[in-house]
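Please keep both in view while working through the points grouped below.

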Amino acid sequence: MNLSKEHITALAAERDLSTSELMSLLQAEGLDSLLFSAADKVRRQIYGDAVYVRGLIEFTNCCKNNCYYCGIRRDNQSATRYRLEQDDILACCAEGYELGFRTFVLQGGEDSYYTDAKICGIVSAIRNRFPDCAITLSIGERPKDSYQAYFDAGANRYLLRHETADPAHYRKLHPEAMSLQNRKECLFHLKEIGYQVGSGFMVGSPYQTLDNLVADLRFLQQLQPDMIGIGPYIPHNETPFSKFERGSLSLTLRLIAVLRLMFPYALIPATTALGTIHPQGRELGLQAGANVVMPNLSPVKVRKLYELYENKICTGEEAAQCRGCLERRVESAGYQIVTSIGNVKKPNS
Ligand code: 5AD
Ligand code: FES
């Protein structure tokens, strides 16, 4: 299909295109600057030049799952496992608060050591001490009652990437024990409870096709998430997928722009994975429509151990160094870091 400027204008106006048009747009070589500037325009209309910061605390790399792509999968015997206790996590938050962070993202593997009581204890301790902050959880699939308990304890947001919306592709990325249906159910449960919900997927994951990517976009249209996180697949040596190529920078950037046009209000991070495959990956992500960055607040001693993929950036820096570095990077891309809580600006929320 011969794609033109009109398709981008139509995507911006209608927030949608036909499946074949979307597939052509994702492959179109010559339209990137038009596509990115259309996405930037929409982003500036809603969020101006603001870039929201979220402090990421990777509090456990123990995981019961065995996803074929992930470096902290259960069967990776060479991973050194760690867990942070409540006091460690609170210390990360305190340091982050001083640096201007007003959102803390608690991310970890699916680790049953953190019972509902433990998670609720951690969440309510953060809630009491930092009442003006948002608490985001990213701890995988749990029963609806558990999600409700964390929400009641003070959590506001939840990140759970669907990873791929195609059941056959999902099967190729995950062992039998995991199911796409359960993952989707979790996302709808989180929405019903009242969380601001984030989902997303990897770009260029093994066996992924363009049809799969359009299915991802269609699923997101159904879910209408507040946050959408995508990043390139990056191989990790100690996984069954170690020999697969990483995802491409240009396809990831195009998808960020398409997401901005389809979901104008979404909070879209320029992810660490994007910064890992290109020295200016995050800056390019912002210029293609992303409006969030998530620097690492985890203690330096565990940062290298939370290794989902190889050569992850920022594993040696102090939180304050990352914060300063990002501020300069964001400004060099033409935007400003803001330290407000940064809730989604959807008209009805
Ligand atoms: N490359 C890129 N992203 C990965 N993730 C897990 N493993 C990898 C990898 N090898 C992503 C998944 C997960 C998120 C926390 O990190 O999409 O949801
Ligand atoms: Fe971490 Fe640049 S953001 S060092």
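Leaving aside its neighbours within four places in sequence, with which residues is serine 138 in contact? The model is a predicted one, and in it serine 138 is in contact with Leu106, Gln107, Gly108 and Leu159 once those sequence neighbours are set aside.

**Serine 138**

- Serine 138 belongs to strand 4, which covers residues 134-138, and the UniProt record, an unreviewed entry, lists Ser138 under "binding site".
- With a relative accessible area of 9%, serine 138 falls under the 20% limit and is therefore buried.
- The side chains of serine 138 and glutamine 107 are joined by a polar contact of 3.2 Å, and Gln107 is also listed among the residues around ligand 1.

**The surroundings of ligand 1**

- Around ligand 1 are found Tyr69, Cys70, Gln107, Arg161, Glu163, Met202, Pro232, Tyr233, Ile234, Leu308 and Tyr309.
- On the side-chain side, a polar atom of arginine 161 lies 2.9 Å from an oxygen atom of ligand 1.
- Backbone atoms take part as well: a backbone N or O atom of isoleucine 234 lies 2.7 Å from a nitrogen atom of ligand 1, while for leucine 308 a backbone N or O atom lies 3.4 Å from a nitrogen atom of the ligand.
- Taken alone, ligand 1 exposes 410 Å², and the protein buries 87% of that area.

**The annotated span and helix 10**

- The unreviewed UniProt entry assigns residues 49-271 to "domain: Radical SAM core"; in the model this span is 39% helix and 17% strand, and its end C-alpha atoms lie 18 Å apart.
- Twelve of the 14 residues of helix 10 are buried, so the helix is largely enclosed by the rest of the structure.
- At the start of helix 10, a side-chain oxygen of serine 248 comes to within 3.0 Å of the backbone nitrogen of leucine 251.

- Helix 4 has 13 residues and reaches 19 Å from its first C-alpha to its last, which is close to the 18 Å expected at 1.5 Å a residue.
- Within helix 4, the residues Ile89, Leu90, Cys92, Cys93, Ala94 and Gly96 are buried, and the buried residues of this helix pack against strand 2, strand 3 and helix 5.
- Just after helix 4, glycine 100 takes a positive phi of about 100°.
- Arginine 102 sits in the loop between helix 4 and strand 3, and because its relative accessibility is 19%, against a limit of 20%, arginine 102 counts as buried.
- A polar atom of the side chain of arginine 102 lies 3.1 Å from the backbone oxygen of tyrosine 97.
- Neighbours within four places in sequence aside, the contacts of arginine 102 are Tyr97, Asp132, Cys133, Ala134, Thr339, Ser340 and Ile341.

**Further single positions**

- Valine 302, in helix 13 (residues 300-303), is buried with a relative accessible area of 5%, and it touches Glu58, Tyr82 and Leu84 when residues up to four places away in sequence are not counted.
- The C-alpha atoms of valine 302 and glycine 316 are separated by 9.8 Å, the two residues being 14 residues apart along the chain.
- Glutamine 208 lies in the loop between strand 6 and helix 9 and is buried, with a relative accessible area of 17%; not counting residues up to four places away in sequence, glutamine 208 touches His169, Met202, Val203, Leu213 and Asp216.
- Aspartate 75, placed in the loop between strand 2 and helix 4, counts as partly exposed at 42% relative accessibility.
- From C-alpha to C-alpha, aspartate 75 and arginine 129 are 37 Å apart in space and 54 residues apart in sequence.

Note on methods:
Residues numbered from 1 in each chain as written. Chains lettered and ligands numbered in written order. Predicted model: local features only at pLDDT ≥ 70, side-chain atom pairs only at ≥ 80, totals over all residues. Heavy atoms only, no water. Buried < 20%, exposed > 50% of the residue type's maximum accessible area, 1.4 Å probe, protein only. Helix = DSSP H or I, 4+ residues; strand = E, 2+ residues; numbered from the N terminus. Polar contact = N/O pair within 3.5 Å; in protein donor to acceptor, adjacent residues only side chain to side chain. UniProt positions renumbered as here; feature names shortened; annotations may be inferred. Near = heavy atom within 4 Å. Areas by Shrake-Rupley, 256 points an atom, 1.4 Å probe, with all protein chains shown as cover. Contact = heavy atoms within 4.5 Å. Expected span 1.5 Å × (residues − 1).
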